[in-house]
Amino acid sequence: MATGRTHRPATRSRGIPEATVARLPLYLRALTALSERSVPTVSSEELATAAGVNSAKLRKDFSYLGSYGTRGVGYDVEYLVYQISRELGLTQDWPVVIVGIGNLGAALANYGGFASRGFRVAALIDADPTMAGKPVAGIPVQHTDELEKIITDNGVSIGVIATPAGAAQQVCDRLVAAGITSILNFAPTVLSVPDGVDVRKVDLSIELQILAFHEQRKAGEDVAVPEEGAAAAVPPPPVAPHRAPPGATAADSGRQGPDGDVPAVMPA
Ligand SMILES: NC(=O)c1ccc[n+]([C@@H]2O[C@H](COP(=O)([O-])OP(=O)(O)OC[C@H]3O[C@@H](n4cnc5c(N)ncnc54)[C@H](O)[C@@H]3O)[C@@H](O)[C@H]2O)c1
């Protein structure tokens with residue numbers, strides 16, 4: 001039965017803060033680009049700019065990895081790629097199942113970026129019997145009746161939910177009961193999971209709502225300042241009806257900070 005925690009601890013094992021963990025993929029993406037250009041070393045400032053993070057924060061983050069760079073030389077790009085990949089668990093292959101192969105599930109299945117980052121789509125699962133056996137991205141869709149067997153047979157620990165919101169909790173419960181311990185949820189609903197199961201939520205509409213908030217603010221700032229004495233006749237700028245997403249912090253709902261590191265996609 002799925003109950004309990006829907007949030008995550010502030011720190012993970014080995015004392016790496018969750019905020020640092022959330023920035024590691026940004027460093028890795030920037031480092032991978034440098035590696036592809038055969039750049040051997042990079043300074044903390046250059047890497048911070050490429051990753052969109054403040055350089056002092058970057059140095060602090062890397063200190064958790066035991067990586068301090070060399071004065072006057074910087075960081076060894078290849079070694080940092082290895083170190084961060086190892087820390088993120090990307091030096092091994094992660095089979096992933098996607099449940100709900102509609103518009104979004106099919107798009108995710110077709111996304112080439114998973115495989116290049118070590119995530120192999122092991123199976124596609126859908127409740128619609130007419131889809132069973134039909135290939136999507138070259139993988140035959142399997143019926144939800146097979147869900148538990150698929151997860152066991154493939155040793156899957158990461159599940160992606162792309163079903164309608166109303167089905168997501170039930171799908172989540174089945175995934176967890178079958179042994180899934182990490183879930184990426186695209187359905188617009190809050191999932192309840194037992195301790196030991198991590199949930200990350202992706203909701204593009206929340207991102208758009210936050211952008212709408214800022215657009216509204218900008219429009220308010222553009223309203224001409226009235227001449228003295230006329231102020232009382234002019235209504236104040238509109239108050240944004242922004243509601244913070246579940247789990248969002250004050251920093252999340254604010255504008256992008258000086259570090260430029262507010263993720264485009266909110267953590268669960
Ligand atoms: N997070 C985001 O930014 C984002 C963006 C787009 C869509 N969504 C959400 O993603 C979900 C899917 O959207 P879509 O446009 O692909 O919808 P869709 O209707 O095209 O696809 C949904 C699929 O889920 C299957 N399904 C339904 N119940 C199921 C169950 N119990 N088990 C397995 N499969 C089941 C359906 O057969 C269908 O193939 C929705 O919840 C939608 O709101 C999220």
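Pro-135 has Pro-140 of strand 6 as its bridge partner. Strand 5 and strand 6 (residues 139-143) run antiparallel and are joined by two bridges. The model described here is predicted. In this model, an open sheet of seven strands has the order 5-6-4-3-7-8-9, with mixed pairing. The protein chain is divided into domain 1 (13-87) and domain 2 (94-201), and a ligand is surrounded by 24 residues.

**Sheet**

- The edges of the sheet are strand 5 (135-136) and strand 9 (198-201), each of which pairs on one side only.
- Helix 7 (residues 147-154) packs on the sheet and touches strand 3, strand 4 (119-126) and strand 6. The direction of helix 7 makes about 165° with that of strand 4.
- Strand 3 (residues 94-99) runs parallel to strand 7 (residues 158-161), and four bridges join the two. Within this pair, Val-99 stands opposite Ile-161 of strand 7.
- Strand 7 also pairs with strand 8 (residues 182-185), in the parallel sense and over four bridges. Here Ile-158 stands opposite Ser-182 of strand 8.
- In general, the strands of a sheet pair through backbone hydrogen bonds, in either a parallel or an antiparallel manner.

**Domains**

- The C-alpha centres of domain 1 and domain 2 lie 31 Å apart.

**Packing of helix 2 and helix 3**

- Helix 2 (residues 44-51) packs with helix 3 (residues 55-64) at an angle of about 105°, and their axes are 8 Å apart.
- Angles of 65 to 115 degrees count as roughly perpendicular, and helix 2 and helix 3 are therefore roughly perpendicular to each other.
- Helix 2 contributes Ser-44, Glu-45, Leu-47, Ala-48 and Ala-51 to the contact, while helix 3 contributes Ser-55, Leu-58 and Arg-59.
- By class, the residues of the contact of helix 2 with helix 3 comprise four nonpolar, two polar and two charged.

**Ligand surroundings**

- Of the 24 residues that surround the ligand, the closest are Gly-100, Gly-102, Leu-104, Ala-167 and Leu-204.
- Helix 5 (103-110) and helix 8 (165-177) are the elements that give two or more residues to the shell around the ligand.
- Helix 8 gives the most to this shell, with four residues.
- The shell around the ligand has 14 nonpolar residues, together with seven polar and three charged ones.

How values were computed: Residues numbered from 1 in each chain as written. Predicted model: local features only at pLDDT ≥ 70, side-chain atom pairs only at ≥ 80, totals over all residues. Near = placed C-beta within 6 Å. Nonpolar A, V, L, I, M, F, W, Y, C, P; charged D, E, K, R; others polar. Axes fitted to C-alpha atoms, helices over the stretch in contact; angles between N-to-C directions. Parallel < 35°, antiparallel > 145°, perpendicular 65-115°, else oblique. Contact = placed C-beta atoms within 7 Å. Domains from an automatic or database assignment. Pairing = 2+ DSSP bridges.
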